[in-house]
Structures are given as structure tokens and as C-alpha cells.
Amino acid sequence: MVSELAVKILALSLVLGAVAGSIRPSKLLRQVPAAIFVLGNNNYLPGKNIPRADQPYYDFSFFRKKNLMLGVVAGNIRPSKMLQQVPAAAIYVFGDSTLDVGNNNYLPGKNVPRPDRPFYGIDMPGSGKPNGRFSNGYNTADFVAKIMGFMSSPPPYLSLAPSSDNLVLTAMDTGVSYASSGAGILDSTVQYFNATWSKMVASKGFGAVSTLLSRSVFLIGLGGNDLSAFANTQQAQSDVAAFYRILISNYKATITDLYTMGARKYAVINVGLSGCLPVARVLDPTGACSTTRNKLAAGFNDALRSLLAGLAPRLPGLVYSLADSYGIMVDIFADPQASGFTDVSSACCGTGRLGAGGCSPTSTLCANHGQHYFWDGIHPSQRAASLRVQAFYDGPAMYTTPINFKQLVFASGTQ
Ligand SMILES: *[C@@H]1O[C@H](CO)[C@@H](O)[C@H](O)[C@H]1NC(C)=O
């Protein structure tokens, strides 16, 4: 009975996804091109003998090689020892448009959600151009990576996949992003990590890969698209519990699959206050938040919290930090000015009422991008993303359970 319903809801949600143009990575994460960048970690290592690229004009790739050589020559700092102190060896990202840094730019089809036009990226340092993020600049994945010692989010999988060498090199060095706008819990992107993992193991060996992964952070932020697809169908309240069960069972499979391949440290971001997104508010004649959508998110978040609390003791060595995107939005929205926001209901870049109609070159921009919580009808502004990440990393304890991202990074990931 339950499984029949499950199948029905699953099918419905997939159809809706297609209809709404919300793109399914399982079908889409296939095409490819190439790009690469290299980063450094050592500014976070303690001790005056650790070489650091903390002067201007430093070439990071050169530095990294030099750094390892110095360690061997000097004899006092061995690379293996240094690596044990690197806070996060690499970061692997699984998520939707709040974390995507460009995978969708590689996907074909005109219905693929892609932030490939102005004014996306307008505040991106150095370029001011669209750069694969649904933001005016950096997004949440970038700020998580930055605060953990990287220059920005690891690069999108689809930019690396054409070359096995590039993919393995980057996967071992910084990690890889599998986040894709429109993705949900029901679209497993784990298969792309599986493909990466097999190549890593073939090239570097099982032991080296397991060690690296146990010291790496797995950043996961999923569920918003699944819940909004569900809400859009106006399912009866009685279906909600069954829907949660499907989502949680898929979430569990994602975590355990990653664990089987060596993942130990999970930074999980729950679903935000989805009823208060401009695209949800605009459905109400007065522009009020949708209580139904907020309750749907809150119920899912409860189930996610229970899942992680129940799973951790059964998977030895697993550590996690669950970040409360929902809670921090509740608090910021209750007193926007305390966080420097003058507007938490309408998009900075958008068209129509509340700017919910989409950010495009013809949109009117708000005067101060950082004073709007929302950059477009769905996604936080660069400043909002930065604030949340600071809170998740080492902010007030109420925004993370049971530990914060910083404690997660420094926890020992036992193999
Ligand atoms: C990925 O690998 C894990 C661990 O070996 C396995 O349990 C899972 O079924 C694989 N998933 C896919 C989609 O291939």
C-alpha cells in the first residue's frame, strides 16, 4: 500500500519536475568540456615553519609543489604530517541551485535553469560576469569552501569529466562539485561521485583515496526542489508523511553510499523557509509567506534531523553537522535590520511583483545588493550566503546540530 503510494508520488513528482522545467541531473549530468584550478590550504596550518602563500602575487600551483619539496628537503615538515593538520583535505558538494557553481551551464536544453545572463555574477570579484551561480557573486558553497581554507567552491564535475586526469587531479586536490540547479533528493547525483571514486582508486589506490576522503568534507544541501514540486501539486495533507518517508529513505541512501566509499564528515544544510521565498510569497494576494510551504519544510527538517541522529551511531566514524537554514531565516526575517537587511521579501534582481518574475538583463536592480536577503526570486544574495555560512561555521550554537562546521572540519574522520 505504502509502496504503491510511494511510486505514485515519485512518478508525479518526476513528471512535475519535467513540466516545471526543473531539471533532473540523473538525465542531464552527462555532457562535458574542460577547465581546472588549483588551490592551497596552508594558511590555516599553525606554526611558523609552514610555508604559506600569504604574500601578494603568489602563484598557488607553483607554491604547492614548492611547499612539498621544502618539507622533504628541510626534513622537519613532512608532507604526510602536514596533510594530517590540513583542516579539510577536499570538499565534495551535493546540492541544488543554492550550491551549484556551474554544472548546469554544461547541460543541454533550453529548459535547463542556468544563471548565464546578466545580472548574475555582477558582484563577482574580478569578472562581474555570470559564472554559473544563482547569485550576484559567490554562493553558499563558495563561502563554505572559503571559510575552510579554499579559494572558492571546488569546480563543477561537468567541467572536469572530459579528462580523467583532470578529474582525478582535482578530486584529490580540492574536491569536486556535483551540485546542479533543479536537483532534488529524488535525483541521485551519487552515481557521478561513484564514477569519480572509481577513477581516483584506479589512479591513486584504495588506501590513499580512503584516507583523503575521511579527511574531506561532504557538503549536502537538498530537498527544496522536492518540497516545492510537492507543494505545487497541492497534495492532500495525508500524503505528506509518505512523501517524507520517500525523501528520507533516499537521503539515507545518499549518505550511506558516500560512507561506503569513504566519506566520514558530512556538512548538511536543511531546507530553508521556502514559504517566504519571493516566488512563494507572490502566490499570496497580500504577499504573505506561505504557511503551508513553511510547515512542509519544517516537517521535513525534523525528519532529516532524526535521520542523521539515528544514522550516526550505526556508521562508525561518521561525524556530521546539520546546519539550520530554516532557523536562521526565521531569525533574520524577524529582525532584518539587525543583520543589515532592508528588504527580506523581494528580489534585488527581478521583474514583476516582489521581483519574483526572474532576474534578467532587463530587470531593475535594487540600489544596494547586500541589503536584500534575496538576490532573485529564490536565492540568497552573496551577502546573505556569507552571513549564513559564518553562522554555520562558528556562529551561535543554535544554528548547528550537534556540532558546527568548524568542529566538523577539525574532528578526526576515522576510517
Ligand atoms: C555507488 O557506490 C556505492 C558503494 O559502493 C554503492 O552502494 C551504490 O550502489 C553505488 N551507487 C550507484 C548509483 O552506482
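Residues are numbered from 1 along each chain as its sequence is written. Because the model is predicted, local features need pLDDT of at least 70 and side-chain atom pairs count only at pLDDT 80 or more, while totals for chains, interfaces and linings use all residues. Helices (H or I, at least four residues) and strands (E, at least two) are DSSP runs, numbered from the N terminus.

**Ligand shell**

- The ligand is surrounded by S188, V190, Q191, N194, D257, T260 and M261, where a residue counts as near a molecule or strand if its C-beta atom, placed from the backbone, lies within 6 Å of it.
- At least two residues of this shell come from each of α8 (190-204) and α11 (240-260), and α8 gives the most, with 3 residues.
- By class, the shell has 2 nonpolar, 4 polar and 1 charged residues, with Ala, Val, Leu, Ile, Met, Phe, Trp, Tyr, Cys and Pro counted as nonpolar, Asp, Glu, Lys and Arg as charged, and the others, Gly among them, as polar.

**Packing of the helices that supply the shell**

- Helix α8 packs against helix α9 (residues 206-214) at an angle of about 125 degrees, with their axes 7 Å apart; axes are lines fitted to C-alpha atoms, for helices over the stretch in contact, and angles run from 0 to 180 degrees between N-to-C directions.
- That angle makes α8 oblique to α9, given that angles under 35 degrees count as roughly parallel, over 145 as roughly antiparallel, 65 to 115 as roughly perpendicular and the rest as oblique.
- On the α8 side M200, V201 and K204 meet F206, A208 and V209 in α9, two residues being in contact if their C-beta atoms, placed from the backbone, lie within 7 Å.
- The contact of α8 with α9 has 5 nonpolar, no polar and 1 charged residues.
- Helix α11 and helix α13 (residues 291-311) pack at an angle of about 40 degrees, with their axes 10 Å apart, and α11 is therefore oblique to α13.
- The crossing of α11 and α13 is right-handed; a crossing is left-handed if the near helix is turned anticlockwise from the far one by less than a right angle, and right-handed if clockwise.
- Helix α11 contributes V240, Y244, L247, I248, Y251, K252 and I255 to this contact, and α13 contributes L296, G299, F300, A303, L304, L307 and L311, which by class gives 12 nonpolar, 1 polar and 1 charged.

**Packing of α5 and α15**

- Helix α5 (residues 140-147) meets helix α15 (residues 382-394) at an angle of about 45 degrees, with axes 9 Å apart, so the two are oblique to each other, and their crossing is right-handed.
- The contact is made by T140, F143, V144 and I147 of α5 with A385, S386, R388, V389 and Y393 of α15, and these residues divide into 6 nonpolar, 2 polar and 1 charged.

**Sheet**

- An open sheet of 5 strands runs in the order β1-β2-β3-β4-β9, with mixed pairing, where two strands pair if DSSP finds at least two bridges between them.
- At the edges stand β1 (91-95) and β9 (400-401), each with a single partner strand, so one side of each is left without a neighbour in the sheet.
- Strand β3 (residues 265-269) pairs with strand β4 (residues 319-323) in the parallel sense over 5 bridges, and K265 stands opposite V319 in β4.

**Backbone exceptions**

- Most residues other than glycine have a negative phi, and most peptide bonds are trans.
- A cis peptide bond with omega of about 10 degrees joins P118 and F119, and F119 lies in the loop between β1 and α5.
- Another cis peptide bond, with omega of about -15 degrees, joins T401 and P402, and P402 is placed in the loop between β9 and α16 (405-410).
- L354 is not a glycine, yet has a positive phi of about 55 degrees, and L354 lies in the loop between β6 (349-350) and β7 (364-365).
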